[in-house]
Amino acid sequence: MKTGIFAGSFDPYTKGHDAIVRRALPLFDRIVIGVGVNERKQCMSSPEERLERIRAVYSGEPKIEVKAYSDLTVDFAHREQAGFIIKGIRSVKDFEYEREQADINRRIGGVETVLLYAEPQLESISSSLVRELAHFGKDVAQFLP
């Protein structure tokens with residue numbers, strides 16, 4: 001069974017995240033969306049709220065599971081018996097960061113990274129931008145699945 005991990009803090013989970021997962025579905029038998037829990041990071045929503053929202057998006061999709069984790073993504077991938085980490089790329093800046101992460105994950109854990117480029121209409125959507133807009137009272141529904 002070919003399993004991929006799609007990991008992040010997902011605070012919040014955006015249409016961009018959803019698009020990457022849906023495009024990755026044909027590539028894998030199983031995708032585990034890993035909601036990273038980092039106590040040092042200030043989040044808008046609790047891990048439980050994020051898990052619940054993401055599970056609701058995929059309630060009818062048997063190939064997708066949503067789980068929390070608080071260690072290295074590569075260790076989470078091993079626990080889930082995943083040979084791949086799925087990443088979305090919006091820009092050259094994202095590419096450089098993810099390239100370095102992919103190299104380290106392959107070196108320390110033997111896990112490969114699959115990069116999927118964001119669709120042009122979704123390139124500007126980021127969780128941090130959505131959080132900031134929400135903080136200032138703007139309606140962010142158009143950015144969320």
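Me: Which element gives the largest share of the largest pocket's lining?
Reply: That's α4, with nine residues. Helices (H or I, at least four residues) and strands (E, at least two) are DSSP runs numbered from the N terminus. This is a predicted model, where local features need pLDDT of at least 70 and side-chain atom pairs 80 or more, while totals for chains, interfaces and linings use all residues. Residues are numbered from 1 along each chain as its sequence is written, and side-chain values use heavy atoms, without hydrogens or water.

Me: What's the volume of that largest pocket?
Reply: About 1,300 Å³. It has 46 lining residues, and Ala7, Gly8, Ser9, Lys87 and Glu98 are the closest to the centre. A pocket here is an open set of points on a 1 Å grid over the protein atoms alone, where a 1.4 Å probe fits, with protein on both sides within 12 Å along at least five of seven lines; lining residues have an atom within 4 Å of a point. The volume is the space filled by probe spheres set on the points.

Me: Which elements supply at least two residues each to that lining?
Reply: β1 (3-8), α1 (15-24), α3 (73-79), β4 (84-89), α4 (92-109) and α5 (127-135).

Me: Staying with α4, is Asp94 buried or exposed?
Reply: Asp94 lies in α4 and counts as buried because its relative accessibility is 16%, where buried means under 20% with a 1.4 Å probe and protein chains only. Leaving out residues up to four places away in sequence, Asp94 touches Gly88 and Ile89, with contact meaning heavy atoms within 4.5 Å.

Me: What about the second largest pocket, and which residues lie nearest its centre?
Reply: Its volume is about 190 Å³. Of its 14 lining residues, Pro12, Tyr13, Arg53, Leu144 and Pro145 lie nearest the centre. Both α2 (47-57) and α5 give two or more residues to this lining, and α2 has the largest share, with four.

Methods
Buried means under 20% relative accessible area, exposed over 50%, partly exposed in between (1.4 Å probe, protein chains only).
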